[in-house]
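These are my notebook entries on a structure that I looked up feature by feature. The sequence and coordinates come before the entries.

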Amino acid sequence: MINGILIFIAIIFFMIKVIDKQKKAEQNSKEQQENTMQKKVENTLSSMMKPAPPKVDRTVNTARVQEVSRADKEKAKAKIQSISEERVEGESMTAFLDRKAKQEANERKLSEWKTQQEEKKSYGTLQVGKELPLGAPVPKGNVVKVCPYCGAENLVPYGSSQKFHCFFCRTSLPK
């Protein structure tokens, strides 16, 4: 009877040890993932911030070129520092990246809206097809029409009765 109780206690003790090891392993893997993600972001940012090699023209003063490259390096360092300052204390790297992605998407939408407004001023209410990126699938409810003049692939809503024009050269597209 006592042997059975001792064996039962030993099994319980062993199970607790195994569960603790699993929790520690999960925590370590999460920390490792965040560290890896942070390193990737830092590497990407630092590679993006590297200035292009200066083009030396025979008429250009090389001291001026070195001065410009130093200024570029300082700008890159300032940008990396501002990004690290943007990150809220205690915020995980994935949350920070998600927030930045949403912010960039909003900025992209705003710039698209501004270009559309400029096009309206230039071309009036001319209906223009959308550009189909190379290799991208055709979204539902759209049809691809090829411009007879420049050969650009335009996305046009399926079954639309409006006349569309090429996004690139503004030539009218066939119906």
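**Entry 1: the largest pocket**

I looked up the largest pocket and found 23 lining residues, of which Gln116, Glu119, Val128, Gly129 and Lys130 lie nearest its centre. I worked on a predicted model, in which local features need pLDDT of at least 70 and side-chain atom pairs count only at pLDDT 80 or more, while totals for chains, interfaces and linings use all residues. Residues are numbered from 1 along each chain as its sequence is written, and side-chain values use heavy atoms, with hydrogens and water left out.

I took a pocket as an open set of points on a 1 Å grid over the protein atoms alone, where a 1.4 Å probe fits, with protein on both sides within 12 Å along at least five of seven lines; lining residues have an atom within 4 Å of a point. The volume of the largest pocket is about 660 Å³, counted as the space filled by probe spheres set on grid points joined across faces, edges and corners.

Two or more lining residues come from each of helix H3 (93–123), strand E1 (130–131) and strand E3. I note that H3 gives the largest share, seven residues. Helices (H or I, at least four residues) and strands (E, at least two) are DSSP runs numbered from the N terminus.

By class, the lining holds nine nonpolar, eight polar and six charged residues. Here Ala, Val, Leu, Ile, Met, Phe, Trp, Tyr, Cys and Pro count as nonpolar, Asp, Glu, Lys and Arg as charged, and the others, Gly among them, as polar.

**Entry 2: the hairpin**

I found E2 (residues 142–146) and E3 (residues 153–157) to be antiparallel and joined by five bridges; pairing requires at least two DSSP bridges. Opposite Asn142 stands Pro157 of E3. Six residues lie between the strands of this hairpin, and Gly151 has a positive phi near 85 degrees.

**Entry 3: cysteines**

My search of the whole structure returned zero disulfides, a disulfide being a pair of cysteine sulfur atoms within 2.5 Å. For Cys150, the nearest cysteine sulfur is that of Cys166, 3.6 Å away. For Cys169, the nearest is that of Cys147, also 3.6 Å away. Cys150 is partly exposed at 33% relative accessible area, and Cys169 is partly exposed at 26%. The cut-offs are under 20% for buried, over 50% for exposed and in between for partly exposed (1.4 Å probe, protein chains only).

**Entry 4: Arg170**

Most residues other than glycine have a negative phi. Arg170, not a glycine, has a positive phi of about 65 degrees. I placed Arg170 in the segment after E3, where Arg170 is buried with a relative accessible area of 16%.
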